[in-house]
Amino acid sequence: MKRTFLIFLGLLLWLQGFAQDYNVLAYETGRKLTWQDFKGSPKPSDAHKGAEITVSIFLKIRDTSFWSGRVTYDAYAVAFKDESWVKPAYRENYSLQHEQLHFDIAHLYAETLEVELNSLDSKTSKNEAEVEIILKNHLAEMRQFQDKYDRETKGGNNYKQQVRWARKISKALGILNTTVEV
């Protein structure tokens with residue numbers, strides 16, 4: 001329920017442009033999370049967890065073509081600081097690296113969303129309902145991937161799987177940061 005609420009909160013913020021009024025951390029390549037980015041408190045239902053980052057994707061309109069009306073977008077991953085938390089016993093580097101990968105995964109999904117939206121024809125790119133459907137689908141796919149990451153690593157407790165996932169995400173981030181010369 002919390003994740004569903006935050007997805008709709010992300011849509012609301014996107015539609016109303018109030019992202020700067022909230023305690024939101026935008027993903028920046030090269031900037032790693034610190035425990036100071038985790039300002040929330042765990043809920044009673046989080047008793048089995050040591051830490052949790054709450055992430056989403058925000059969209060903003062980058063430009064609208066005067067001639068064609070085609071809309072281009074910026075999509076970026078965000079973390080909600082007030083909804084992200086860590087228990088004192090888990091305030092160590094290994095747990096932080098696990099949470100960083102959740103943020104990195106959100107960044108990968110934001111980048112693929114931006115590419116997809118900016119590949120749309122001019123009619124579809126300005127259709128708010130179509131864009132919202134694509135955004136919701138990306139958020140749902142991201143959540144499934146995040147859940148798979150937690151399942152396979154057992155929340156970071158399976159060291160071998162954690163290393164495998166770290167390599168997998170690092171490789172994907174490396175592909176994103178590769179420049180292509182034309």
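What follows is a short exchange about the terms used for this predicted model.

Colleague: What makes up the secondary structure of the chain, and how do the elements run?

Modeller: There are five helices and five strands. Starting at the N terminus, the order is α-β-β-β-β-β-α-α-α-α.

Colleague: Why is Trp 85 called buried?

Modeller: Its relative accessible area is 1%. Buried means under 20%, so Trp 85 counts as buried. Trp 85 lies in strand E5, residues 85–86.

Colleague: Which residues is Trp 85 in contact with, leaving aside neighbours within four places in sequence?

Modeller: With those neighbours left aside, the contacts of Trp 85 are Phe 38, Gly 40, Ser 41, Pro 42, Asp 46, Lys 49, Gly 50, Ala 51 and Glu 52. Take Gly 50 from that list. Gly 50 and Trp 85 are 35 residues apart in sequence, and their C-alpha atoms are 8.5 Å apart in space.

Colleague: Why is Lys 154 called exposed?

Modeller: The relative accessible area of Lys 154 is 56%. Exposed means over 50%, so Lys 154 counts as exposed. Lys 154 sits in the loop between H4 and H5. Its phi is near 55°, a positive value in a residue other than glycine.

Colleague: Why does Ala 166 count as partly exposed?

Modeller: Ala 166 has 30% relative accessibility. Buried stops under 20% and exposed begins over 50%, with partly exposed in between, so Ala 166 counts as partly exposed. Ala 166 belongs to helix H5.

Colleague: Where do H2 and H5 meet?

Modeller: On H2 the residues are Tyr 94, His 98, Leu 101, Asp 104, Ile 105, His 107, Leu 108 and Glu 111. On H5 they are Tyr 159, Gln 162, Trp 165, Ala 166, Ile 169, Ala 172, Leu 173 and Leu 176. The two axes come within 10 Å and cross at roughly 35°, and the crossing is left-handed.

Colleague: What makes H2 roughly antiparallel to H4?

Modeller: H2 and H4 pack at an angle of about 150°, their axes 10 Å apart. Angles over 145 degrees count as roughly antiparallel, so H2 is roughly antiparallel to H4. H2 passes H4 in a right-handed crossing. The contact includes His 98, Ile 105, Ala 106 and Tyr 109 of H2, and Val 131, His 138, Met 142 and Phe 145 of H4.

Colleague: What is Met 142 in contact with, apart from neighbours within four places in sequence?

Modeller: Apart from those, Met 142 is in contact with Val 55, Ser 56, Ile 57, Ile 105, Ala 106 and Tyr 109.

Colleague: Which residues touch the most other members of the largest nonpolar core?

Modeller: That core has 36 residues, and the ones touching the most other members are Ile 57, Leu 59, Phe 103, Leu 113, Leu 117 and Met 142. Strands E3 (55–64) and E4 (71–80) and helices H2 (93–117), H4 (128–153) and H5 (159–176) each supply at least two residues of the core. H2 gives the largest share, 10 residues.

Colleague: How many residues does the chain have, and what share counts as buried?

Modeller: The chain has 182 residues, and 41% of them count as buried. Of the contacts between residues at least 6 apart in sequence, 77% join residues at least 24 apart.

Key
Residues numbered from 1 in each chain as written. Predicted model: local features only at pLDDT ≥ 70, side-chain atom pairs only at ≥ 80, totals over all residues. Heavy atoms only, no water. Core = buried A, V, L, I, M, F, W, Y, C linked by side-chain atoms within 4.5 Å. Buried < 20%, exposed > 50% of the residue type's maximum accessible area, 1.4 Å probe, protein only. Helix = DSSP H or I, 4+ residues; strand = E, 2+ residues; numbered from the N terminus. Contact = heavy atoms within 4.5 Å. Axes fitted to C-alpha atoms, helices over the stretch in contact; angles between N-to-C directions. Parallel < 35°, antiparallel > 145°, perpendicular 65-115°, else oblique. Left-handed = near helix turned anticlockwise from the far one by under 90°.
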